[in-house]
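Please look through the model below slowly, and read this report beside it, one heading at a time.

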Amino acid sequence: MKYDIVVVGGGHAGVEAAMAAGRLGCRTAIVTSNPLKMGVMPCNPSIGGPAKSHLVREIDALGGEMARAIDDTFIHIRRLNTGKGQAVQALRAQADRPLYNERIVKAVLAAENVDVITDTVVSLIYDMSNSDGNTSQCQDKSAYNMSRTASCSDNLTSEQGVGRGCVAEKTEIDDTRHSLKRHVTVKGVATMSGLEIACGAVVICTGTFLAGVLHLGKFTLPGGRSGEAPSFGLSQSLADLGLKMGRLKTGTCPRLHRDTVRLSGLDVLPCSHEPLKFSDMSEDPDPNRSHVDCYITRTTEATRRVVMENLDRSPLYDGSGIITGVGPRYCPSLEDKFVRFPDRKVHLVFLEPEGIEAKEIYLQGVSTSMPLDVQYGMVRSLPGLEKAEIIRPGYAVEYDYVLPTQLDFSLAVRGVKGLYLAGQINGTSGYEEAAAQGLIAGLNAARYLSEQEPFIVRRDQGYVGVLIDDLVCKGTSEPYRMHTSRAEYRLLLREDNADDRLTPQAKDMGLISDKRWQKYLTFKSMAQSEIERLRNKHVNLDLAQKISARSGCSVSPGPTLAELLHRSDIHLSCLRQCEELPQFELRLNEKIEAAVRYDGYIERQQREVSRMAKLEDVKLSNVNYNEVIGMSGEAVEKLSRLNPRNVGQASRVPGVSPSDVNALMIYLRKMSLCK
């Protein structure tokens, strides 16, 4: 079989990668063990949240699928951080989990140029040329054989030598491989069934499946997620390329039977009735659409007692060292919370229904790998859950990842032509982070095949740019989660202006439809016209009285409408009502209001971007950092290894100080490499 691009894995990253490549005209195959679970939500049934919703908006601005899929299937939606500025406000939606999965599967099956192959990739096929110029084609047979052995023994525990033994052997990588003068070009993949698929580029989006092991108390089982076998062969194949790999851990929460939960007396998180949505291409939600409320309960002293009395039964704390992977800092297990934050008396727990018809309630905040009987004790110690039945227990999953500092900013593996990585294989956590990476990796794989320059999102252009820049420049030793605090230009990276930042580039690359482009142009024209009107219209006495009466704020004649919007207690919708003008669509209203209200701050941040852009414009190519006088040894080592594209990226590498940057600039001027 022959394709332009093969995408390994059908999760959120794989779906966006394949569909982006298909939109750019590449014949693309998704290889997944279960096509009916493409885009499945194995953990929490939600999309969005602070910074994550910004990523979803950027995916949509680039023509991706996630925003429209959640708009079509959400059963609960709210705007978060409404007491803060618009830069950090965010949408979060609960999906009808089965419907979301079904919606994604239909989109992939209907996508142009995308085929779905039911199989498991166990190794890469590639050409390797050594320093003497000789070329040979390689396929790791040991990886293939090991994968078959592991898959036939997936009912064995780690104590019997399956799973963790493979991982331990695999992670012993010979660092001398990195110094070999060689060139590797990916030519295809080999699958469990014996199929060899030739292609020009491979995008690996394996999620938690690389040498995955599930943990429930002292019981362990090879698996990528509950009920699905892991991939050992591909992990070994990547190690055999010389890639440095690590081990991470994540977890999921118990699911409860809805009919056994007492919701009365719990705090309610009601669904918003505003016409909220993620995608500009979605219709406003039907006001009669079915929705659900979410609820909040809290841990008690009894919860703490159950956890602490059984801590020796947790694979995290039993002293066996059975879990070696590093867990997520910002989404710790419940046992981690009690150990790490002993002074915190109460932890919030959110009850999130998984669908209108679904019987399951997801217990957000109770991620755990405790044995089932302990999980029952924990759950039933929570108010409202005294008689709750667990449909599916929580569990932890350990998996391999590739240290992302070995990637370049297109998500291509350095030194391996045609190989791209996206999602949890790069050390991230979260559906949104995975999907954003998948889209970038898929479109760059397509541009690689057409010999075009890669598409790189800068830090001032998008949260996806911040995400990738952090991974490549800084790396991660724990599951990386996107936060608004990671973006130094977050006032420029609001939800409402994602289309302004990325849609014109998506149009140039051929990622979006003409309909989408026309929608963007219409929005842009309306916004510019209204901003101009607000800046030019002054408030007379009659209008000032109307605004004062409607807003409850004191307004005097004289200022422009734009100057009034600088006040936090005056909103655009109020001004348009007082002028008896038609109301804008909510998204357009937010875009205009933010652009006017924060124009002075935005201008200041743009000046900072321009200043930093001068460093981004100083390209680095074939620089011998050992020749840079005055640069620290740490900076020399890290810059030589990471090979940043420009001085701006070099300045963000941990361990590179301002004095190192100054020394580098002096060297570049001396060598006539910059002005």
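## The largest cavity

Which residues line the largest cavity? In this predicted model, the lining is made up of Arg79, Leu91, Pro275, Leu276, Lys277, Asp284, Glu585, Leu586, Arg587 and Glu590. On a 1 Å grid over the protein atoms alone, a cavity is a set of points where a 1.4 Å probe fits but cannot get out, and lining residues have an atom within 4 Å of a point. The largest cavity has a volume of about 80 Å³, a volume being the space filled by probe spheres set on the points, which are joined across faces, edges and corners.

By class, this lining holds four nonpolar, no polar and six charged residues, where Leu and Pro count as nonpolar and Asp, Glu, Lys and Arg as charged. Helix 18, residues 586-597, gives the most to the lining, with three residues. The count of cavities of 30 Å³ or more comes to four.

## Helix 11

Helix 11 covers residues 431-449, 19 residues in all, and reaches 27 Å from its first C-alpha to its last, close to the 27 Å expected at 1.5 Å a residue; the expected span is 1.5 Å times one less than the number of residues. Helices here are DSSP runs (H or I, at least four residues), numbered from the N terminus.

Because 17 of its 19 residues are buried, helix 11 is largely enclosed by the rest of the structure; buried means under 20% relative accessible area, with a 1.4 Å probe and protein chains only. Just after helix 11, Glu451 takes a positive phi of about 60°.

## Two buried residues

Leu62 sits in the loop between helix 2 (52-61) and helix 3 (66-73), and is buried, with a relative accessible area of 2%. Leaving aside neighbours within four places in sequence, Leu62 is in contact with residues including Leu439, Ile440 and Phe455, where contact means heavy atoms within 4.5 Å.

Gln605, in helix 19 (residues 599-616), also counts as buried, at 18% relative accessibility. Not counting residues up to four places away in sequence, Gln605 touches Glu488, Tyr489, Arg490, Leu491 and Leu492.

The mean pLDDT (the predictor's confidence in each residue, from 0 to 100) is 88 for the chain, and 91% of the residues reach 70 or more. Over residues 146-181, however, pLDDT stays under 50. Where pLDDT is low, the predicted coordinates should not be read in detail.

Local features need pLDDT of at least 70, side-chain atom pairs count only at pLDDT 80 or more, and totals for chains, interfaces and linings use all residues. Residues are numbered from 1 along each chain as its sequence is written, and side-chain values use heavy atoms, with hydrogens and water left out.

Notes
Buried < 20%, exposed > 50% of the residue type's maximum accessible area, 1.4 Å probe, protein only. 1 Å grid on protein atoms, 1.4 Å probe; cavity = no way out; pocket = protein on both sides within 12 Å on 5 of 7 lines; lining within 4 Å.
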